[in-house]
Structure formats: structure tokens, C-alpha cells
Amino acid sequence: MLYFQSIGEAEAVFKALSTPMRLKIMEMIYRDDKLSMNDLAEALGLTNGAISMHVSKLEEAGLVKIRTTSGKRGTMKIIRPRYDRLMIDLAPVKDARHCYTDDIQVGYYTTCSVAPTCGLATNKDIIGSLDDARVFSFPERFKAGILWFGSGYVEYNLPNHLQAGQTLTELQISFEISSECPEYNEDYPSDIHFSLNGIPLGMWVSPGDFGARKGYLCPAWWPELLNQYGLLKTLIINNEGCFIDGTNKISDVTVQDLNLNYNSYISFRFEVPRDTANVGGCTLFGEDFGDYNQAIKVKAYYEEESEG
């Protein structure tokens, strides 16, 4: 699923789909995902240059992907749709608060200690070997779109954009997440703990490792028996405590207890301890896997000194 939080974010998609010819191309490749540039040009009565221009616009908007493969007369470019669904929030977000936002790829952790079952993958292939914790130190990890581990932790440095005179009032961290077990098991609870700068924030119990259907964004080559998608959760830390999705309070730790200012480093950890009740692992999904095309999204809300 391709998800946009506002009309403005979806502007490129609107432009790409603004012509009947591109709509026709999308209809055709959904019916047959093995069509090449030449196939489309011939079926639509267009020159190769014209079809290339239309497909380029669709690719720039993130709606299609192009795969080069060998054909009878050399190489050919196969056009495939990237998403099965499109969702756009039409209502504007009514939030006048000051906010910094960042997207952190799942492979950009700064430290980790994991135990099998474990692994990482890019949208093209699995990095190294399955269940080999050493791959978490491979440089290819920065391209990872999914990672998973049976127990242990991964830790990320969160950007701190605060300036002198600005006070953090709320921190939101959004991610697609699930348990991790061999193959998949949709009834496989896991206690996933969160901490920031060593301060425990609480835990959320993931209900399972979901794989009964294909993840909307998972590459075609991704094995069906591996993790397919997770749940989109948002950890919120404000002056009332720590919450999951704004309603499920997981601790009384407040944003003030974190003692963060414009000089602070911010280190955030996902952890499944070996001594927790449900050691069911953790899977983090990035933009190319699961159901939601986002990385780990961070929002830091703040007040100016004069406003406080």
C-alpha cells in the first residue's frame, strides 16, 4: 500500500496519473505484470520514445518499477506496478505545533546484539546468510529494508534538531513491527521493550509474526514463509507518560524525565530481553517491505522559549 498523509505529499502521484494514457498503462500492467516497453508501445500505438516518457513519469512518482531482463532480441524492460493500494488522507492535519521530522532506515542502527533467528534483506536479496548474527555488521545493512531477530536489541541514534531556547514537549516514533519466529506464526506474542538513553520506556506485546498473506510491499522474490508484514505502531512520549498509539499507556516516564535539550544525544532501542515473559523476537519493516511504505519515522514537537 502506498500511503500519503496529505494531498500535498501525493502531488507527484496526482500528476503522474493526470493523463488517460498513463491510466491505461497502469490498467494494462496490473492485468499483466510481464509487459515490456515494446509491448506497451505496440498495444497503445505509441513510439518507444513516447512510452518511455510516460513510464518515466510513473516511475518518478513511485508507482511502477522497471526490471531489465534478457529477451529474444537483446535486453528488454519489464514494467511492473509497485503497489496494490493507494491511500491518501484528504483532511488537513490540524496541528499548529512546531515539529521536526526525520525518517531513519531500519538498517541505520548504531549498535546491536542479536540472536537467531535473525537476518536482514534489501529489496533485491537477503544479506549474507539467514540466522547468522555476523551479517548485522556488514556494510550492506545500510540498504536493508527489513531486519529481524529472536532476542537481543538494535539501537538507533535519533537526530536532535533542537536549538537553544527550544523545549521538547513530545516525541513520537512510528514504525511497522511484529514478532519473529521460524517461518511465521500469527499467534506468537513477543514482549518488545523500548528505551531511550538507557531509560526504560515500557514494553508492547506484539501478537504475532504475520505471514498468512503476502505483504503489500514485499518484493516478488521474497519467500512466502518469511515475515510478510507488521502492525504500524506509534510510541508517544509526552508530559503525561509513554503511550502506544496515544491510548495504551505503557509507563509513567514523561518527556521531562528524559532531560533532553539542544545538546543531547538521543539513542533509542528496540529490545527483546531473554528474561522477558514472551521471548518472541522482533521484526522491523522499512519502505520496501510489509504493508506501509515508511521507515522509522520520528517527530519531535517543541515550544519556543517565548511561547513557554
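This is a predicted model: local features need pLDDT of at least 70, side-chain atom pairs count only at pLDDT 80 or more; totals for chains, interfaces and linings use all residues.
R213 itself is partly exposed, at 29% relative accessible area.

The loop between β17 (282-285) and β18 (296-304) also holds D288, which pairs with R82 from the loop between β3 (74-81) and β4 (86-88), so parts 206 residues apart in sequence are tied together. Another pair joins E170, in strand β10 (residues 166-178), to R97, in the loop between β4 and β5 (98-104).

| Pair | N to O distance |
|---|---|
| D288 and R82 | 3.3 Å |
| E170 and R97 | 3.6 Å |

How exposed are the other partners? D288 is partly exposed at 22%, and R82 is partly exposed at 31%. E170, at 10%, counts as buried, whereas R97, at 38%, is partly exposed.

Across the whole structure, a search finds eleven salt bridges. E155, R269 and E271 are linked in a salt-bridge network.

Now to helix α2. Its twelve residues (20-31) should span 16 Å at 1.5 Å a residue, and the end C-alpha atoms, 17 Å apart, agree with that. Buried in α2 are R22, I25, M26, M28 and I29. Viewed down the helix axis, the buried residues fall within an arc of 165°, so they line one face. The face turned away from that buried side carries the exposed residues P20 and R31.

Key
Residues are numbered from 1 along each chain as its sequence is written. Side-chain values use heavy atoms; hydrogens and water are left out. Helices (H or I, at least four residues) and strands (E, at least two) are DSSP runs, numbered from the N terminus. The expected span of a helix is 1.5 Å times one less than its number of residues. Buried means under 20% relative accessible area, exposed over 50%, partly exposed in between (1.4 Å probe, protein chains only). The arc is that of the directions from the helix axis to the C-beta atoms. A salt bridge is a side-chain nitrogen of Lys or Arg within 4 Å of a carboxyl oxygen of Asp or Glu.
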